[in-house]
Amino acid sequence: MHALKNSSLKLPISLTGDRPTGPLHLGHLAGSLLQRVTLQETHQSFVMIADGQALTDNTGRRALIQTSIRDVLLDYLAVGIDPNKTTIFLQSLVPELFELTFHLMPLVTVSRLERNPTIRKEVQQKFKKEDEGENDQPILHRDIPVGFLTYPVSQSADILAFHADIVPVGSDQLPMIEQANELALRFNRVTGQRVLKPCSALLTNTPRLPGIDGKAKMGKSLGNVLNIGADEATIKKAIKNMYTDPTHLKISDPGKVEGNVVFAYLDAFHPNSAEVELLKTQYQKGGLSDRSVKDFLERTLLDLLGPIRERRIEAEKLNLKDILRDGSNQARLVATETLEQVREALGVGVSALGGL
Ligand code: TRP
């Protein structure tokens, strides 16, 4: 087994992950992936494919999970997450994480989990009952799976097992970080030992990218995504249909930049913000067609995604199995060490034998 990446340097630790429920999209790219490529130079970095968490609302979808694990791994490699610098691993190959989840469960109440705003929103979206109206108070009904309600505990275990200093995530994940920190403090207080370490969230400048239809968030379930690995024709078509300013009818009309997806994407992905600001001013004055700003975005995205697509094709030739297995073995070493301290603090595992 290789030495842990960057570990001898005592760098601060970064951990994050994604559920494998489909290929990654531009929202992931702006929100987190590009940042991870930078972080791997300055942090001991862990990136997890959270297949266990994906199962909490996709159990039985074996083919979807398997294809998506491959897709997500290829997307990582394509954007430049380098397995020689970042420990890329599969959650289910680090079973210590599930044991840690079990030990954290007694430290959190059902009502605390029900107050988690991300869980509340997701329950409303995924498990909405037919007879609930749009305006009903959000209620958590009793027939949501226990595994779904408790996935924040599992995510806390993911974070705490690696003693992460920072967790780069989108803003929807902030309640999970808060939950992890509460659990760390509670564990330490209850056991009287400082085993688990609170962490900080790291948000990007673009924590939320709108969908190509103008909806507030890009999301697979919303059907408004542009995938990182999209081919040229798909990129062009998405831009052609992209939501702009519906009141900008004639070229001479002044156009709105707020809520205009083309400009949101230029802000997120164009390397030169001064150039984008100039374009915005022209558009707002009137005299600039949607077609011309879309052409500008098309060039920007083709330039950005072209090399990523090529690297993805190269990555398909690599031994993906070895990359994920090696990374998972390395992650397992760290998680095992934490878990041994956790068992010791709780008085279970080998430490229980000491009392016999
Ligand atoms: N919940 C995250 C998502 O849906 C994935 C995830 C699992 C994660 N474990 C994590 C993110 C730990 C950060 C840290 O994308």
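A polar contact is a pair of N or O atoms within 3.5 Å; within protein, one must be able to donate a hydrogen and the other to accept it, and residues adjacent in sequence count only if both atoms are side-chain atoms. Keep that in mind for the first stops.

This model is predicted: local features need pLDDT of at least 70, side-chain atom pairs count only at pLDDT 80 or more, and totals for chains, interfaces and linings use all residues. Residues are numbered from 1 along each chain as its sequence is written, and side-chain values use heavy atoms, with hydrogens and water left out.

**Stop 1: the ligand**

Select the ligand. Then select Q53: a polar atom of its side chain lies 2.8 Å from a ligand nitrogen. Next, pick Q155. An N or O atom of the Q155 side chain is 2.9 Å from a nitrogen of the ligand. Now take R19, where a polar side-chain atom lies 3.3 Å from a ligand oxygen. The ligand alone exposes 370 Å², and the protein buries 89% of that (Shrake-Rupley areas, 1.4 Å probe).

**Stop 2: the shell**

Helices (H or I, at least four residues) and strands (E, at least two) are DSSP runs, numbered from the N terminus.

**Stop 3: the largest pocket**

Which space does the ligand take? It takes the largest pocket (more than half of its atoms lie within 2 Å of the grid points). On a 1 Å grid over the protein atoms alone, a pocket is an open set with protein on both sides within 12 Å along at least five of seven lines; a cavity is a set of points where a 1.4 Å probe fits but cannot get out; lining residues have an atom within 4 Å of a point. The pocket volume is about 1,500 Å³. Select H28, E122, D172, Q173 and K217, the closest to its centre among 50 lining residues. Then highlight α1 (26-42), which gives the largest share, six residues.

**Stop 4: the cavity**

How many cavities of 30 Å³ or more are there? The count is one. The largest cavity has a volume of about 50 Å³. Select its lining: S14, T16, R36, L39, S45, F46, V47 and T86. Finish on β2, which supplies the largest share, three residues.

Methods
Grid points are joined across faces, edges and corners, and a volume is the space filled by probe spheres set on the points.
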